[in-house]
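Here is a short briefing to read beside the model. Keep the sequence and the 3D view open as you go.

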Amino acid sequence: MAYRYRVLEDMALADTAFEATGDSPSELFLAAGQAIIETLADPHRVQPGCTRFFEHRDRDLAALLFTWLSDIVYLKDAEGLVFRETQARVSRDHDDWLFQGSLSGEPIDPARHELRADIKAVTKHLYEVREEAGQWIARVVLDI
Amino acid sequence: MKLQTAFTVNRVTDEIWEIPTSEKPGMLVPARIYATEPILNSMDSGVFEQVTNVACLPGIRRYALCMPDGHWGYGFPIGGVAAFDPQDGIISPGGVGYDINCGMRLIRTDLTLAEVQPRLEQLMTELFRKVPAGVGSRGFVKVTPQEFAEVMRKGARWCVERGYGWQEDLDRTEERGCIGEADPADVTDYAVQRGISQLGTLGSGNHYLEVQVASQDRLFDPQTAAAFGVTGHEQILVMVHCGSRGFGHQVASDFLKVFEKAMRRYDISVKDQQLACAPFCSPEGRQYFSAMNAAANTAFANRQVITHQIREAFQSVFGQSAESLGMHVIYDVAHNIAKVERYAEGDLVVHRKGSTRAFGPGRSEVPALYRHVGQPVICGGSMETGSYLLVGTADAMEHTFGSTMHGSGRTMSRAQAKRSVKGEQVQRDMKRRGIIVKAVSMSGLAEEAGLAYKNISEVVEAVDRAGITKKVAELRPIGNIKG
């Protein structure tokens with residue numbers, strides 16, 4: 001599927017920023033996750049050798065997305081992985097938003113993978129999640 | 001070029017510019033920017049907005065400062081310096097940065113360009129093999145969580161105790177590579193897991209290891225250069241730029257969350273979410289200070305392990321011991337840190353984010369062997385244009401809380417740089433000019449091309465003329481390793 005995100009060039013001179021869009025919160029989480037994955041390495045050169053699963057809940061959808069994106073950055077360092085794809089499902093559970101997702105990838109191999117930029121952190125700078133005319137949109141700045 | 005702000009910016013001297021407190025509601029002190037007029041005019045609007053935001057933080061003293069390599073950052077501008085009263089002031093991860101104790105280390109050698117040139121390709125290949133770089137890179141030093149806690153406490157000293165360095169390396173490192181008040185209990189297991197495998201790695205982005213040359217014609221102060229061990233006879237030096245890797249990044253992220261909540265408790269409001277802070281003397285403030293020091297110590301350890309690997313690489317290529325090659329550390333200094341330092345007002349919590357400590361002669365914190373001249377200041381330029389060795393001054397102590405610039409600062413976004421040039425082309429062009437580049441990521445190499453950066457010489461000229469550091473030597477690159 002085509003993930004809908006675009007790089008926001010002028011927002012972060014020394015770093016990188018993107019805007020992700022989805023018809024639903026699930027699609028938004030999928031697109032934003034993919035933006036992180038593709039910032040780290042070319043996913044087409046990564047095999048889905050191992051999968052990690054995640055589940056989070058939060059009353060605030062923006063906070064939930066922030067946690068999910070930070071998970072990806074964490075796993076890159078903690079387990080030395082790069083990723084091919086994500087799965088994401090966001091649903092309502094009473095007053096909470098519930099996120100269930102997964103990451104598939106494999107240990108970093110500089111000889112085989114096209115590595116790109118090492119993300120230090122997902123930042124709160126100009127961070128925003130909003131719904132606009134039926135579209136879910138997130139603006140995210142990454143510290144590189 | 002016109003000034004990119006609507007704020008009134010008054011000229012104090014040709015290199016000092018001031019935004020008065022009347023320019024933004026809540027400013028407690030004026031903001032001061034160190035820059036020549038052309039540099040000031042080229043600064044992005046974020047610098048003016050952010051330095052005046054910093055001037056609103058509780059307990060700030062004298063001025064919110066920005067150095068000439070300043071540009072937009074998270075919370076504080078890059079190049080930002082601010083000092084806070086430890087009793088009524090704050091501490092903020094936004095004033096330190098995500099890469100806690102990102103810093104510079106410079107190592108001298110007795111080798112000359114003529115001796116190294118024939119084996120430069122071999123040397124760069126060996127350095128590239130021995131010093132892991134790039135996304136999620138992992139180091140050769142394997143430690144248990146208990147040992148990693150020791151690294152947090154002891155910093156570079158832990159490395160030297162295990163044979164990764166010389167005792168004298170510690171004498172030539174800020175804080176002797178080990179800051180006190182670093183309690184591993186104050187960091188999360190999450191942060192430990194993120195960084196435990198990365199000791200001795202460069203990372204990516206603007207981090208690098210560079211082989212450089214010091215020439216007689218680019219020595220500005222031969223006497224001070226000699227005190228630092230720089231002869232300038234086409235002498236080979238090695239510069240390292242990196243920080244605390246994933247561990248430090250996670251400590252910063254963890255405490256931004258803690259401080260968002262703490263601000264409500266302490267009724268602190270800030271102009272930007274990334275300026276989240278807590279009173280320095282609050283439990284949260286002390287806990288961050290301790291965790292930040294733990295991360296700073298791992299950064300000193302990281303650069304120490306890299307130093308060990310650099311010496312091993314030189315030994316293997318030149319068939320001589322590192323000692324006989326004269327591979328002494330000149331200095332190791334942080335440019336992302338908060339420290340308690342004594343000034344005329346008493347103790348202050350000085351935040352430096354993309355700014356280097358630049359203590360002048362006589363200060364007890366300056367290593368004894370340099371105390372008569374002042375502290376070495378290491379400023380990295382782009383990989384194409386070279387770097388500088390400077391020295392701290394008494395003026396810096398008086399005017400900028402003993403602080404100065406740290407690098408050249410970007411002028412072009414990463415995406416724009418990648419559109420302008422390909423990594424392979426940068427590598428070929430640099431090779432033609434005698435600079436061998438080894439890079440893990442070709443897109444990362446394009447992002448770091450010289451065209452994306454300010455001219456470091458203009459930035460250095462500004463701090464030299466302002467008197468807050470003085471030029472010692474310009475160092476030109478002949479080999480570079482990028483993540």
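Helices (H or I, at least four residues) and strands (E, at least two) are DSSP runs, numbered from the N terminus.

This is a predicted model, in which local features need pLDDT of at least 70, side-chain atom pairs count only at pLDDT 80 or more, and totals for chains, interfaces and linings use all residues. Residues are numbered from 1 along each chain as its sequence is written, while chains are lettered from A and ligands numbered from 1 in the order in which they are written.

**Confidence**

- Chain A has a mean pLDDT of 95, and 99% of its residues reach 70 or more.
- Chain B averages 96, with 100% of the residues at 70 or above.
- For the complex, the predictor gives an ipTM of 0.93 and a pTM of 0.97.

**Where the chains meet**

- Chain B puts 36 residues into the contact, and chain A puts in 28 residues. Two residues are in contact if their C-beta atoms, placed from the backbone, lie within 7 Å.
- On the side of chain B that touches chain A, four helices supply at least two residues each: helix 8 (189–195), helix 10 (245–265), helix 13 (414–420) and helix 15 (442–447) of chain B.
- Helix 10 of chain B gives the largest share of that side, five residues.
- By class, that side of chain B has nine nonpolar, 21 polar and six charged residues. Ala, Val, Leu, Ile, Met, Phe, Trp, Tyr, Cys and Pro count as nonpolar; Asp, Glu, Lys and Arg count as charged; the others, Gly among them, count as polar.

**Helix 4 meets helix 11 in chain B**

- The axes of helix 4 (residues 120–130) and helix 11 (residues 283–318) of chain B come within 9 Å and cross at roughly 145°. Axes are lines fitted to C-alpha atoms, for helices over the stretch in contact, and angles run from 0 to 180 degrees between N-to-C directions.
- From helix 4 of chain B, the contact includes B:Leu123 and B:Leu127. Their partners in helix 11 of chain B include B:Ile310 and B:Ala313.
- This contact has five nonpolar, three polar and three charged residues.

**Helix 5 of chain B**

- In helix 5 (residues 145–154) of chain B, B:Phe148, B:Val151 and B:Met152 are buried (20 or more other C-beta atoms within 10 Å of the residue's own; exposed means 12 or fewer, partly exposed in between; C-beta atoms are placed from the backbone).
- They cover an arc of only 100° around the axis, so they lie on the same side of helix 5 of chain B. The arc is that of the directions from the helix axis to the C-beta atoms.
- An α-helix has 3.6 residues a turn, so residues three or four places apart point the same way.
- The buried residues of helix 5 of chain B pack against helix 6 (156–161), helix 8 and helix 11 of chain B.
- B:Ala149 also sits in helix 5 of chain B. B:Ala149 is partly exposed, because 18 other C-beta atoms lie within 10 Å.

**Helix 14 of chain B**

- Buried in helix 14 (residues 423–432) of chain B are B:Gly423, B:Val426, B:Gln427 and B:Met430.
- Their arc is only 100° around the axis, which puts them on the same side of helix 14 of chain B.
- B:Glu424, B:Arg428 and B:Arg432 are exposed on the other side.
- Strand 18 (436–439) and helix 15 of chain B are among what covers the buried residues.

Technical notes. pLDDT = per-residue confidence, 0-100.
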